[in-house]
Amino acid sequence: MLTVFGALAGFVAVALGAFGAHALSAGFDEKASAWWETATFYLLVHAALVTALSAVDAQRFGLAASLMLCGAVLFAATLYAMALGGPRWFGAITPIGGLGMLAGWALIAWAAWKA
């Protein structure tokens with residue numbers, strides 16, 4: 001199931017990246033554009049990694065992939081929301097998503113070390 005969610009997150013990242021580049025670029029200020037680009041980049045990178053990890057060895061990397069995907073979605077969603085004019089306090093939630101991504105990377109390192 002992680003492969004499906006990872007692939008869907010990748011799809012969403014590409015779609016939102018294109019939407020930001022074409023439909024929103026004219027109306028965005030510099031900070032909003034940077035948030036949008038950062039959100040898209042992190043979501044896409046982690047979606048690809050989650051898809052690959054779950055395809056390679058879902059048993060070994062399932063928890064890491066789940067943390068990464070949840071973290072990336074939370075991280076990106078808060079940045080997208082702020083870029084679209086959402087409240088700036090969403091920025092206080094963004095690092096929680098970052099911690100999820102970091103925890104996923106740490107678990108990958110741990111699994112590789114154990115192997």
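The model is predicted, so to speak of local features a pLDDT of at least 70 is needed, while side-chain atom pairs count only at pLDDT 80 or more and totals for chains, interfaces and linings use all residues. Numbering starts from 1 along each chain as its sequence is written, and side-chain values use heavy atoms, with hydrogens and water left out.

Start with the helices, which are DSSP runs of H or I with at least four residues, numbered from the N terminus. Helix 2 covers residues 30-83 and helix 3 covers residues 94-114; their axes come within 8 Å and cross at roughly 165°. Here the axes are lines fitted to C-alpha atoms over the stretch in contact, and angles between N-to-C directions run from 0 to 180 degrees. That angle makes helix 2 roughly antiparallel to helix 3, a label for angles over 145 degrees. The crossing of the two is left-handed, meaning that the near helix is turned anticlockwise from the far one by less than a right angle. As for what sits in this contact, its residues divide into 20 nonpolar, eight polar and one charged. Nonpolar covers Ala, Val, Leu, Ile, Met, Phe, Trp, Tyr, Cys and Pro, charged covers Asp, Glu, Lys and Arg, and the others, Gly among them, are polar.

Gly-71 has 4% relative accessibility and counts as buried (under 20% relative accessible area, with exposed over 50% and partly exposed in between, using a 1.4 Å probe and protein chains only). Leaving aside residues up to four places away in sequence, Gly-71 touches Gly-97, Gly-100 and Met-101, where contact means heavy atoms within 4.5 Å. Ile-96 is 25 residues from Gly-71 in sequence, yet their C-alpha atoms are 7.1 Å apart in space.

On to the rings. Rings of Phe, Tyr and Trp (its six-membered ring) pair if their centres lie within 6.5 Å; planes under 30 degrees apart are stacked, over 60 edge-to-face and the rest tilted. By this rule there are five aromatic pairs. In one of them, Tyr-42 and Phe-75 have ring centres 4.9 Å apart and planes at 45°, so the pair is tilted. Tyr-42 is partly exposed at 33%, whereas Phe-75 is buried at 12%. Trp-89 and Phe-90 have centres 4.6 Å apart and planes at 80°, which makes the pair edge-to-face. Trp-89 is exposed at 55% and Phe-90 partly exposed at 21%. Ring pairs also link Phe-19, Trp-36 and Tyr-80 into a cluster.

Notes: Angles under 35 degrees count as roughly parallel, over 145 as roughly antiparallel, 65 to 115 as roughly perpendicular and the rest as oblique.
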